[in-house]
Amino acid sequence: MASESLLNQDPVIYHYKLIRKIPLRPEARYSYITTAVMGIGAITAIYRWQGLLNTLIGFLIMTAIHAVVLRLTLRRVDEPSMKRWAFRYDWPWFGPLPVMDTTLWLFRRLHFHLFIVGCCIVGLLYPWAHSSLLVSLVYWHFWLLTPRVTLLFNMIGEKGDGVLRLSSDEVSYYHR
């Protein structure tokens, strides 16, 4: 009897209202990849073979730094969200990013931490690293963050309790 009365009640349904849909144009993706190639070319032209090697090393180091910083920050800020973040390869979303819906305030906070800590780590390496490695670390740090920061600038004025959904074609922003 008691179970029948529970079944007759309305179930809890979470409603999401689409507030904004930001399309990701193919031209933006191609220009994003082109800037990576141009950055590699410029550093290689200035520093020769050592620049090319340090550009590849810098990319791997900065990607690893981003992954570690986001993992540690997620553990400290919102541990249940750790399962929603993984390494993505769909352009322009490259690196550790949410694979499921995430709140805008968490996305903002994580990327603020990521920006600051990434710049600090490059600054800490300044006395010991070769200049081509430092330039490539700074370049890759900003290159990896560019689509995310662009998204955050587009989301200025939106409430932080909204939900972001990133896909390779568009970004959707919902309110609960």
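Predicted model: local features only at pLDDT ≥ 70, side-chain atom pairs only at ≥ 80, totals over all residues.
**Exercise 1.** List the elements in order from the N terminus, and find which has the lowest and which the highest mean pLDDT.

*Solution.* Count first: the protein has four helices and six strands. Then read along the chain. The order is α-β-α-β-β-β-α-α-β-β. Helix α1, residues 2-8, has the lowest mean pLDDT, 49. Helix α4, residues 131-154, has the highest, 91.

**Exercise 2.** Describe the length and the bend of α4.

*Solution.* Take the length first. α4 has 24 residues. From first C-alpha to last, α4 reaches 34 Å. At 1.5 Å a residue, 34 Å is expected, and the model comes close to that. Then look for a bend. At Thr146, α4 bends by about 45°. A proline, Pro147, follows within four residues.

**Exercise 3.** What share of the 176 residues counts as buried, and what share of the accessible surface belongs to carbon and sulfur atoms?

*Solution.* Begin inside: 38% of the 176 residues count as buried. The accessible surface comes to about 10,800 Å². Carbon and sulfur atoms hold 66% of that surface.

**Exercise 4.** Of the contacts between residues at least 6 apart in sequence, how many join residues at least 24 apart?

*Solution.* Keep the contacts between residues at least 6 apart in sequence. Among these, 72% join residues at least 24 apart.

Conventions
Residues numbered from 1 in each chain as written. Heavy atoms only, no water. pLDDT = per-residue confidence, 0-100. Helix = DSSP H or I, 4+ residues; strand = E, 2+ residues; numbered from the N terminus. Buried < 20%, exposed > 50% of the residue type's maximum accessible area, 1.4 Å probe, protein only. Contact = heavy atoms within 4.5 Å. Areas by Shrake-Rupley, 256 points an atom, 1.4 Å probe, with all protein chains shown as cover. Expected span 1.5 Å × (residues − 1). Bend = angle between axes of the 7 residues up to and from the residue.
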